[in-house]
Amino acid sequence: MSEPRLRILMAKAGLDGHDRGVKVVARALRDAGMEVIYTGLHQTPEQVVRAAVDEDVDAIGLSILSGAHMTIFPRILELLREQEAEDIILFGGGTIPEDDLQELKRMGVAELFTPGAYTQEIVEWVRENVGEKAAGGSAAPS
Amino acid sequence: MVTETTEEAAARLVESLLKGNRRAAGRVISAIEDGGDAVEMLMRALYPHTGRASIVGITGPPGAGKSTVVDELIRVMRADGRAVAVLAVDPNSPFSGGAVLGDRVRMMRHATDPEVFIRSMGARGHLGGLALASHNALLALDAMGFSDLLAETVGVGQSELEVAGTADTTVVVVPPGLGDGVQAIKAGIMEIADIFVVNKADHPQADRVVADIRDVLRMDLKRPEWTPPIVKTVATAGEGLEDLWIRIRQHRRYLEESGELERRRRARLEQEIVEIAERRLREQVLRPRTATPEFRAMLTDVVERRMNPYEAAEQIVPKTAAAG
Ligand SMILES: Nc1nc2c(ncn2[C@@H]2O[C@H](COP(=O)(O)OP(=O)(O)OP(=O)(O)O)[C@@H](O)[C@H]2O)c(=O)[nH]1
Ligand SMILES: [Mg+2]
């Protein structure tokens, strides 16, 4: 039997045109033994959630730099609820002002990383907070 | 939460999948990948609903354009009214056991089409065999009602060949400008091709590759009834994909009319049953008998030349038992 492994969907929403940052995090998660499903640039919430459901991921990591975070994150949470997939943890990164950050966390985004965050910090967070498999039974976001 | 047995949970999950619930389908495939007892329970519920879909394997060297071809093929097949499920298998996993699965990047425009399902699969442990896991995943999508299943694999190693071996029709995608030409991919994957795609036909070397493949096919006398056609495509421009779809359907017709489909599926199932049984023998008979202090002692005897390996094996599985 192959051991259960964390599956993380990594996507980039919004209009800005590069994905270097997301790819760095994707590779770091891979090196930590996770399966990362990478979906590419300019993803809409509908595409992200559909991919997350088909791929049966444990978490979605979404990067937004272009400032649409207050519409995109809540929309993804809403779609996850519609799909009975609210157990899929949503985390993200981007240039997000502190007030918005708190608001998004209240809505249900598990964690948000600002551009200064170290890749290893993100990997650690995922390891500790995603999936019963990883955290030995606790799937609760901190 | 109401406690229920794994068996009941599996049956309920499959029931939900059969109603078209994607969340259930996603979970069923994960359970198939994770392996263990749940797989048997799931397959018990799924298997009666399978066998209808056609399975097309898309294989070829890294970067040949397989995912781009699949993306374009989905477009053509959808226009033809087919419901398409894709399994993108990437058997390459580095030492960590993790993987970045990126095939679906090229297919994201289909991500919100309800008649399209795209799933990525890494190598993991898959002690039951990647081929078995991927085939079972395809069966789940078959049961869900997808008429056509596409399985993308990188055609380089043995496990990839095995994955390709579970398809009804195998499409081998060849890019121009491979160092040694067709020779480079000849070992193994040339033999399994039912259809060749020379992708990146916008490249000046494309006709060379077509000629090379033709040469190889001319020497191949094993296939009297079906000569693999060679289709040129420029997947990035959407060119040649209608032609590919026509060839795939022709091959399907050939398989059905000649009885070859029946033969292939029979042979594949035979192999699958034997593999499952072999694994069971290893786990239930061999492992318990070799994980004993007696076995360690016997090993020492063999190392120190008091016994030979055949005599030792005889102690584990006596010849009569093996023959009977
Ligand atoms: N010029 C040209 N480039 C192409 C064509 N088809 C695909 N490509 C490019 O080739 C590269 C690889 O394409 P993919 O579709 O990812 O190839 P793949 O075989 O799926 O790759 P792996 O899954 O990594 O083995 C991409 O940059 C594509 O844009 C084509 O017909 N012409
Ligand atoms: Mg690919």
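How many helices and strands does chain A have? Chain A has six helices and five strands, where helices (H or I, at least four residues) and strands (E, at least two) are DSSP runs numbered from the N terminus. This is a predicted model, in which local features need pLDDT of at least 70, side-chain atom pairs count only at pLDDT 80 or more, and totals for chains, interfaces and linings use all residues. Residues are numbered from 1 along each chain as its sequence is written, chains are lettered from A and ligands numbered from 1 in the order in which they are written, and side-chain values use heavy atoms, with hydrogens and water left out.

**Chain A**

- The elements of chain A follow the order β-α-β-α-β-α-β-α-β-α-α from the N terminus.
- Chain A has 142 residues, of which 54% count as buried (under 20% relative accessible area; exposed is over 50% and partly exposed in between, with a 1.4 Å probe and protein chains only).
- Of the contacts in chain A with a separation of 6 or more, 66% come from residues 24 or more positions apart; contact means heavy atoms within 4.5 Å.

**Interface between chains A and B**

- On chain A, 32 residues are in contact with 35 residues of chain B.
- The two chains bury about 2800 Å² between them, 48% of it on carbon and sulfur atoms; buried area is the accessible area (1.4 Å probe) that two parts lose on being put together, summed over both.
- Seven salt bridges are counted between chain A and chain B, each a side-chain nitrogen of Lys or Arg within 4 Å of a carboxyl oxygen of Asp or Glu.
- A salt bridge joins the side chains of A:Asp56 and B:Arg23, at 3.6 Å from N to O.
- Helix H1 (20-31), strand S2 (35-38) and helix H2 (45-54) of chain A each give two or more residues to the side that touches chain B.
- H2(A) gives the most to that side, with six residues.

**Strand pairing across the interface**

- S2(A) and strand S3 (residues 99-101) of chain B run parallel and are joined by three bridges; two strands pair if DSSP finds at least two bridges between them.
- A:Ile37 has B:Leu101 as its bridge partner in S3(B).

**Positive phi in chain B**

- B:Lys200, not a glycine, has a positive phi of about 60 degrees. B:Lys200 lies in the loop between strand S7 (195-198) and helix H8 (206-219) of chain B, and counts as partly exposed because its relative accessibility is 35%.
- B:Arg305, also not a glycine, has a positive phi of about 65 degrees. B:Arg305 sits in the loop between helix H11 (293-303) and helix H12 (309-316) of chain B, and counts as exposed because its relative accessibility is 69%.
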